[in-house]
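Let's take a walk through a protein model together. Have the sequence and the 3D view ready, and follow along one stop at a time.

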Amino acid sequence: MVTRAPRLVGEARQAMAKELAGRYSQGASIRSLARESGRSYGLVQKLLREAGVEFRPRGGADPASPETKAERGTVTTPAGKSTAQQTDDQPDVEALRLAVETAVARAEKADRKARKAEKALRKLRRKGAGKSRRKEAKATLTKRRAKAEKADRKVRKARRRLNEAQHAAEHRQF
């Protein structure tokens with residue numbers, strides 16, 4: 001049985017709204033805040049609205065991603081605080097390493113899903129499944145392959161940015 005968190009009222013609600021607003025302003029997404037707090041997306045959004053937060057536009061770069069943090073030169077400490085890492089406009093090498101690791105993990109997951117879709121299509125062909133089921137499986141496979149290719153491009157881009165940052169850091173030392 002799922003246990004529900006107690007209802008937020010009064011000062012506890014205001015305190016949570018203030019805390020979430022601070023984390024959101026540091027770049028955390030509403031989804032990540034909902035996951036961390038154990039509350040629903042809708043409640044977190046409502047609390048942020050109550051706190052008077054100006055919401056970021058949809059789409060574009062994720063401000064909470066390691067890559068974006070590296071560009072801004074900020075690092076999140078274990079306590080959840082964001083600190084400036086570098087004063088010049090050079091990306092943080094450690095944050096870019098984390099971005100590469102994240103991109104690689106996502107690419108591996110996308111590849112696994114594509115292989116699974118290939119296997120499912122082969123199985124349908126062997127069994128002699130109907131045309132509509134095979135067509136649906138083929139469409140799924142096409143989508144999964146496209147996602148895997150996109151994830152691979154992101155890995156290459158993240159590695160390229162890491163290499164550039166490492167190269168720039170080496171030249172700054174001399």
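## A residue to start with

Is glutamate 108 buried, exposed or partly exposed? Keep in mind as you look that the model is a predicted one. You'll find glutamate 108 in helix 5. Its relative accessible area is 44%. A residue has to be under 20% to be buried and over 50% to be exposed, so glutamate 108, at 44%, counts as partly exposed.

Now look for alanine 148. Glutamate 108 and alanine 148 are 40 residues apart in sequence, yet their C-alpha atoms are 8.1 Å apart in space.

## The big picture

Let's zoom out. The protein chain has six helices and two strands.

How much of the chain is tucked away? Of its 174 residues, 29% count as buried. The chain exposes about 13000 Å² of surface, and 50% of that comes from carbon and sulfur atoms.

Contacts tell you something too. Take the contacts in the chain between residues with a separation of 6 or more: 60% of them involve residues 24 or more positions apart.

## Helix 1 meets helix 2

Time to look at how helices pack. Two packed helices are described by the angle between their axes and the distance between the axes. Helix 1 covers residues 10-25 and helix 2 covers residues 30-37. Their axes come within 10 Å and cross at roughly 135 degrees. Helix 1 and helix 2 are therefore oblique to each other. As for handedness, helix 1 passes helix 2 in a right-handed crossing.

Who does the touching? From helix 1 it's Met16, Leu20, Arg23 and Tyr24, and from helix 2 it's Ile30, Leu33, Glu36 and Ser37. Sort the residues of this contact by class and you get five nonpolar, one polar and two charged.

## Helix 3 joins in

Helix 3 spans residues 41-50. What angle do helix 2 and helix 3 make where they cross? It's roughly 110 degrees, with the axes coming within 9 Å. Helix 2 and helix 3 are therefore roughly perpendicular to each other. On the helix 2 side, Ile30, Arg31, Leu33, Ala34 and Ser37 take part, and they meet Tyr41, Val44, Gln45 and Leu48 of helix 3. That contact divides into six nonpolar, two polar and one charged.

Helix 3 packs against helix 1 as well. The axes of helix 1 and helix 3 come within 8 Å and cross at roughly 90 degrees, which makes helix 1 roughly perpendicular to helix 3. Here Arg13, Met16, Ala17, Leu20, Ala21 and Tyr24 of helix 1 meet Leu43, Val44, Lys46, Leu47, Leu48 and Glu50 of helix 3. By class, this contact has nine nonpolar residues, three charged ones and no polar ones.

## Over to helices 5 and 6

Next, jump along the chain. Helix 5 runs over residues 93-127, and helix 6 covers residues 131-173. Find alanine 137 in helix 6. Is alanine 137 buried or exposed? Its relative accessibility is 12%, so alanine 137 counts as buried. Leaving out residues up to four places away in sequence, alanine 137 touches Leu121 and Leu124. Leucine 121 is 16 residues away along the chain, and its C-alpha atom is separated from that of alanine 137 by 5.6 Å.

For the last stop, go to arginine 122 in helix 5. With a relative accessible area of 46%, arginine 122 is partly exposed. Arginine 122 and lysine 138 are 16 residues apart in sequence, with 9.8 Å between their C-alpha atoms.

Terms used. Residues are numbered from 1 along each chain as its sequence is written. This is a predicted model: local features need pLDDT of at least 70, side-chain atom pairs count only at pLDDT 80 or more; totals for chains, interfaces and linings use all residues. Side-chain values use heavy atoms; hydrogens and water are left out. Helices (H or I, at least four residues) and strands (E, at least two) are DSSP runs, numbered from the N terminus. Buried means under 20% relative accessible area, exposed over 50%, partly exposed in between (1.4 Å probe, protein chains only). Contact means heavy atoms within 4.5 Å. Accessible areas come from the Shrake-Rupley method with a 1.4 Å probe; for residues, only the protein chains shown count as cover. Axes are lines fitted to C-alpha atoms, for helices over the stretch in contact, and angles run from 0 to 180 degrees between N-to-C directions. Angles under 35 degrees count as roughly parallel, over 145 as roughly antiparallel, 65 to 115 as roughly perpendicular and the rest as oblique. A crossing is left-handed if the near helix is turned anticlockwise from the far one by less than a right angle, and right-handed if clockwise. Ala, Val, Leu, Ile, Met, Phe, Trp, Tyr, Cys and Pro count as nonpolar, Asp, Glu, Lys and Arg as charged, and the others, Gly among them, as polar.
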